[in-house]
Amino acid sequence: MRQLCKGNVAVVKAAIMAGCRSFYGYPITPASEIAEYAALLIPQVGGTFLQAESEVSAINMVYGAAAAGQRVMTASSGPGISLMQEGISYLAGAELPCVIADVMRAGPGLGNIAPEQSDYFCMTKGGGHGCYRNIVLAPSSVQEMASLTMLAFELADKYRNPAVLLADGFVGQMMEPLDLELVEPVVPQKPWAVKGDLETRKNLISSIHLTPDLMEAHIRHLEEKYSECERNECRSETYRTEDAEVLLVGYGIVSRILRSTVDLARQHGVKAGLFRPISLWPFPSKALATAAKSAVKVMVVELSTGQMVEDVKLSINGSMPVEFYGRVGGNVPSAEECQAELFARMEVLV
C-alpha cells in the first residue's frame, strides 16, 4: 500500500507491523509525532501507549516491558536521550531488547529544534556507563524510517540489546511516498521473559553481578555478542564509487545531498563517489576501505563539528587524507556548497 507519509509517522506504522505493542515515551520536537501517532495507533491493535512523566520514567518502563517479553519502543531527541542514558546502559547490561528512535536536534543543552547529527557519539559510543554497545541504524528516507525500524526490532531481539534508529530532524519531519506491505507480525519466543507466574519468576533479570569474576564473565559474554554483531550486521550503500578519485561520506539527509554533489562534481570533471553507512554501529569499516580503493582523498560531511569522521579516519587507517566539512545549529548545506568545499580542498578551479 502506497501512501504519503511523514518520517516520524512511518516509524510508528512500521513498529506496529513489526509486532511492537508497547510504547512509553515523552514528546519532544522534532520527534513528537512518534509519540502522537503511537498514542493513536498502538491502542487500536490492542497495545499499550503511556506518556510518562519524564524520559527517565519512560526508559525504565521500556525496561519493564522488555523484561516481560514485549516488543517495546520509545522515541526522543537529544535532551531526552541524555536523560535515558542510564536506563539504556541497564537494558544493555540486562540483555533486554528494545528499539529507541532518536530524531536528532541541535545541541548541546536544549539547543534548538532544528536538525543536527550531533548525537552520533552518545549513541554509537554508548552514552551511559559501562562496556556496552547500541546497535545503531541511520535512515535517509521515509521508506527507510519504516524498513530500518522493522530491522531494528529484529536485531534487538537477535542480540538481546537496545537498537537505535538514529535520524536527523529533516528525515523525521519530511513527507515522502511510503510503500508498506501489510503482513502479520511474527514475534519470536522469548523464553527468558518474566510473565508474572511462578514458572517464569526465576527469569528475573538484573545487570548487577557483585563479584569481580562474575562481572568479568558477563562483560566477556557481552563482548562476544558485540563481536558477532560486528561480523554480521555491517550495512552500507555506495554510489558511483567504482572509479572515484574522491570519496564523499555522509549519512541521513547529508547522504542525499552528497549524492547530488557527486553528480555535480562529475559534470565538472571530478570523479567523485558516495559512501553511505547505514549501520553506524557496527560501523562498516571494511566496506568503506573497499569503496575508497581508487580514491586519493576522502571528505566527510556531517551536521556536526565532526563525530563520524573519527570512525572514517580509523577505517581509512592513514592510507589517504580525510577532510571534514560540517554545518551545525540546524543549517544544512546545499549540494553546491558541498561541491565548492570539495573543489577548494582539491585545489580544483570551478
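Where is the place of N161? N161 sits in the loop between α6 and β7; helices (H or I, at least four residues) and strands (E, at least two) are DSSP runs numbered from the N terminus.

This is a predicted model, in which local features need pLDDT of at least 70, side-chain atom pairs count only at pLDDT 80 or more, and totals for chains, interfaces and linings use all residues. Residues are numbered from 1 along each chain as its sequence is written, and side-chain values use heavy atoms, with hydrogens and water left out.

View B. Domain 1 covers 2-232 and domain 2 covers 237-344; the bounds come from an automatic or database domain assignment. Their C-alpha centres lie 28 Å apart. In contact are 33 residues of domain 1 and 26 residues of domain 2.

**View C. Salt bridges between the domains.** Three salt bridges cross the interface of domain 1 and domain 2; the rule asks for a side-chain nitrogen of Lys or Arg within 4 Å of a carboxyl oxygen of Asp or Glu.

**View D. The pair R276 and E144.** R276 forms a salt bridge with E144. The closest N and O atoms of R276 and E144 are 2.7 Å apart.

Terms used
Contact = heavy atoms within 4.5 Å.
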